[in-house]
Amino acid sequence: MIKVIIVLIILLLAGVFLYLQNNIIDVTKYRLKSENIINRINIIHLSDLHSKPFEKALKKTEEAEPDIIFITGDYINDKKKSKTKMLEYAKKLCDIAPVYYVTGNHERRLEDFDELMFDFKEAGFNVLLNEISEINVKGNNIAVLGLDENQADFEDYKARRNGTFEYPDMKPYFEKLEKKEGYKIVLSHYPENFEKLSEMNYSQYDFDLQLSGHAHGGQFILPFFGPVFSPGQGIHPKYARGSFGERPMLIVSRGIGNSEFPFRLFNHPEIISISISKKI
């Protein structure tokens, strides 16, 4: 009987621990400066909600008082779980600030992809599918390139591991972005595309900041090892969290929800808060 009680206590503690690991939200703050910014702006970057209408994330986003919100894919999962709730959640985000959204691999797997994009637009999202949106925020000219990379199929994962995947050429979109005035932001679901692609890497182009997700922080972050695994990068992924480069700079979100794998370990859901002010 005592052994049974001990086992039950251990299971209960493990359940509480895993719940906290997946529901305590970290707000990671970045303070950037740029010659292309006149007046300070506040940005919230969300990624990989995976059909989780997370009220804590909504509250923390509102508390940050962002001027603009960017979402870098996998807002909804490939089974359209909680679609109605996620559309209502989208409306709540749009009540806080203008929302700019790009696709992830999960949305791209859906047969009714076009219908979902229409629903997102109806909810208030600015959906960017290989498009540039020029906006003015507090007197700052900002050009946002949203990439629809469409690297979604499970066969694509195999091809990337084998080195046979043919990446879409995004050069024409970056060349258009380079001609724009002001601060230039790229939204891309896949962080590895920033530097990992040999001749097609995004870091070769003239822009200021890339925001990405997808890697879920490696799902597990182990002491002395770091992030464990990410689709497209494999074991010990480099581009799973944090920032890379100076200009252009890549900032990777660890994401908020989970997809097929049900929990995180030492890797809380994350909201990215970015303040950009004038470089003197």
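Trainee: What joins the side chains of Thr103 and Asp148?
Mentor: The side chains of Thr103 and Asp148 are joined by a polar contact of 2.6 Å, a term for a pair of N or O atoms within 3.5 Å, of which, within protein, one must be able to donate a hydrogen and the other to accept it, while residues adjacent in sequence count only if both atoms are side-chain atoms. Please keep in mind that this is a predicted model, in which local features need pLDDT of at least 70 and side-chain atom pairs count only at pLDDT 80 or more, whereas totals for chains, interfaces and linings use all residues. Residues are numbered from 1 along each chain as its sequence is written, and side-chain values use heavy atoms, with hydrogens and water left out.

Trainee: Where is Thr103 found, and is Thr103 buried or exposed?
Mentor: Thr103 is found in the loop between β4 (99-102) and α4 (105-108); such helices (H or I, at least four residues) and strands (E, at least two) are DSSP runs, numbered from the N terminus. Thr103 has a relative accessible area of 2%, so it is buried, a word that stands for under 20% relative accessible area, with exposed over 50% and partly exposed in between (1.4 Å probe, protein chains only). Not counting residues up to four places away in sequence, Thr103 touches Gly73, Arg108, Phe113, Met117, Leu129, Leu147, Asp148 and His189, where contact means heavy atoms within 4.5 Å.

Trainee: How many residues does the largest nonpolar core have?
Mentor: A nonpolar core is a set of buried Ala, Val, Leu, Ile, Met, Phe, Trp, Tyr and Cys residues joined through side-chain atoms within 4.5 Å. The largest one here has 29 residues, and those with the most contacts inside it are Leu46, Ile71, Tyr75, Leu93, Phe120 and Phe125. The elements that give two or more residues to this core are β2 (41-46), α2 (55-63), β3 (68-72), α3 (83-96), β4 and α5 (113-123). A second, separate core has 24 residues, including Tyr100, Val102, Ile142 and Tyr183.

Trainee: Which residues does Leu93 touch, not counting residues up to four places away in sequence?
Mentor: With those left aside, Leu93 touches Leu46, Leu58, Thr61, Ile69, Ile71, Tyr75 and Val99.

Trainee: How are two packed helices described?
Mentor: Two packed helices are described by the angle between their axes and the distance between the axes. Here the axes of α2 and α3 come within 10 Å and cross at roughly 10 degrees; axes are lines fitted to C-alpha atoms, for helices over the stretch in contact, and angles run from 0 to 180 degrees between N-to-C directions. The crossing therefore makes α2 roughly parallel to α3, since angles under 35 degrees count as roughly parallel, over 145 as roughly antiparallel, 65 to 115 as roughly perpendicular and the rest as oblique.

Trainee: Which residues in α2 and α3 meet?
Mentor: From α2, Glu55, Ala57, Leu58, Thr61 and Glu62 meet Tyr89, Lys92, Leu93 and Ile96 in α3. The residues of this contact divide into five nonpolar, one polar and three charged, with Ala, Val, Leu, Ile, Met, Phe, Trp, Tyr, Cys and Pro counted as nonpolar, Asp, Glu, Lys and Arg as charged, and the others, Gly among them, as polar.

Trainee: Where is the place of Phe54, and what does Phe54 touch?
Mentor: Phe54 has its place in the loop between β2 and α2, and its relative accessibility is 6%, so Phe54 counts as buried. Leaving out residues up to four places away in sequence, Phe54 touches Asn22, Asn23, Ile25, Tyr89, Ile256 and Pro269.

Trainee: What polar partners does the side chain of Asn22 have?
Mentor: Asn22 is found in helix α1 (residues 2-23) and counts as buried at 8% relative accessibility. Its side chain makes a polar contact of 2.8 Å with the side chain of Asn258, and a polar atom of the Asn22 side chain lies 2.9 Å from the backbone nitrogen of Arg264.

Trainee: What backbone feature do Asp48 and Ser51 show?
Mentor: Asp48 has a positive phi of about 55 degrees although it is not a glycine, and Ser51, which is not a glycine either, has a positive phi of about 65 degrees. Asp48 counts as buried at 0% relative accessibility, and Ser51 is buried with a relative accessible area of 4%.

Trainee: Which peptide bond is cis?
Mentor: The peptide bond from Arg247 to Pro248 is cis, with omega near 0 degrees, and Pro248 lies in the loop between β14 (242-244) and β15.
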